[in-house]
Every structure is written in C-alpha cells, then in structure tokens.
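I opened my notebook for this one with a few things to look up. Here is what I wrote down, entry by entry.

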Amino acid sequence: MFSPMGTRSASAYKKIGVETRVSQASAHDLVDMLFDGLLVAVGSARAALVGGDIKSKCAHIVTAVRILEEGLKGALNLEQGGPLAENLQQLYSYCVLRLTQANARNDVAALEEVLRLIEPVASGWKQMGQTADTHPAARLQAA
C-alpha cells in the first residue's frame, strides 16, 4: 500500500507525534508511557516468539529491558521512595532476569509472567493519574 517513501513519511510522522507527546507530558505521564511501551514490547515479543520470528522477539525483548533498566528503574528515587521504591526496583530487576531467560530459552511462559507482574503496577499507576486529574487538590498536595 505504501511506497518506500510513504513508509518513511509515515514513520517520520509517528516519530514527531511521539516526540510532541513526550515534550508536553508531565512526569506522571512519562512513566505511564514507559509502562505502555513496556507492555507493548513484551506482548510483541510474545507474539513474535509464538510466530517463530526470533529476530523480532529479540528486538522487542531488548526494548523491554531498556525500558525497565533505563526508564522505570532510572526514575525510582530510593531515598524518598522508601520500601515501595525498593520493592519496585526488585520487581523490575526480576522482570529483566525473566526477559533475559525468555530470550535465551525462547520461553513464552517467562514473557507471560512479566506481563502478569507488570500489568497491575501499570494499571495502578494509570489510576493514580486519573485520581489526580479528578482531584486537583490531591495533585497539588503530592507535588
């Protein structure tokens, strides 16, 4: 359907859209985007593995690991976050381990485990943002 130029143009528009969204996002929204990206990457890795596309599986797992290591773990404040931040750091580290094992062993169950572990955290984070949006005073107190 797209010519090579059309595909590049569509990719460029997508990139600009993401960059615009990121530049206008709050800190909460950025973490929300990281969770969304992580869930998409792990789901895509699972689909690629089931479909026998090992190259794509590897690429999606690398993306997921980078989101966990550089994005989510990097955003944790262990000094101010206390036990919650420590627990999240341990969860993210465990997920990186399971993703690495999934990649090395072509283990669908490991990918599904990561999804099961991250989905409730991502959902809770999203709900916190919705609560802050409906209760502006809560957002001011949190800041």
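I began at the start of helix α4, where a side-chain oxygen of N77 comes to within 3.1 Å of the backbone nitrogen of E79. I call that a polar contact, meaning a pair of N or O atoms within 3.5 Å, one able to donate a hydrogen and the other to accept it, with residues adjacent in sequence counting only if both atoms are side-chain atoms. Helices here are DSSP runs (H or I, at least four residues), numbered from the N terminus.

A note on the source: this is a predicted model, in which local features need pLDDT of at least 70 and side-chain atom pairs count only at pLDDT 80 or more, while totals for chains, interfaces and linings use all residues. Residues are numbered from 1 along each chain as its sequence is written, and side-chain values use heavy atoms, with hydrogens and water left out.

Next I checked the span of α4. Helix α4 covers residues 78-105 and spans only 32 Å between its end C-alpha atoms, whereas a straight helix of 28 residues would span 40 Å. The expected span is 1.5 Å times one less than the number of residues. I then found a bend of about 75° at L84, taken as the angle between axes fitted to the seven residues ending there and the seven starting there.

Which residues of α4 are buried? I noted G82, A85, L88, L91 and Y92 among them. Buried means under 20% relative accessible area, exposed over 50%, and partly exposed in between, with a 1.4 Å probe and protein chains only.

I moved on to the largest nonpolar core, which has 25 residues, with L68 and I118 making the most contacts inside it. Such a core is a set of buried Ala, Val, Leu, Ile, Met, Phe, Trp, Tyr and Cys residues joined through side-chain atoms within 4.5 Å. The elements giving it two or more residues are α2 (27-50), α3 (54-75), α4 and α5 (108-134). Setting aside neighbours within four places in sequence, L68 is in contact (heavy atoms within 4.5 Å) with residues including L38, Y92, V96 and I118.

Then I looked at N103, also in α4. N103 is partly exposed, at 23% relative accessibility. Beyond four places in sequence, N103 contacts K57, C58 and I61. The C-alpha atoms of N103 and K57 are 7.5 Å apart, though 46 residues separate the two along the chain.

Last, I looked up N106, in the loop between α4 and α5. N106 is not a glycine, yet its phi is positive, about 50°. Most residues other than glycine have a negative phi. N106 is partly exposed, at 38%.
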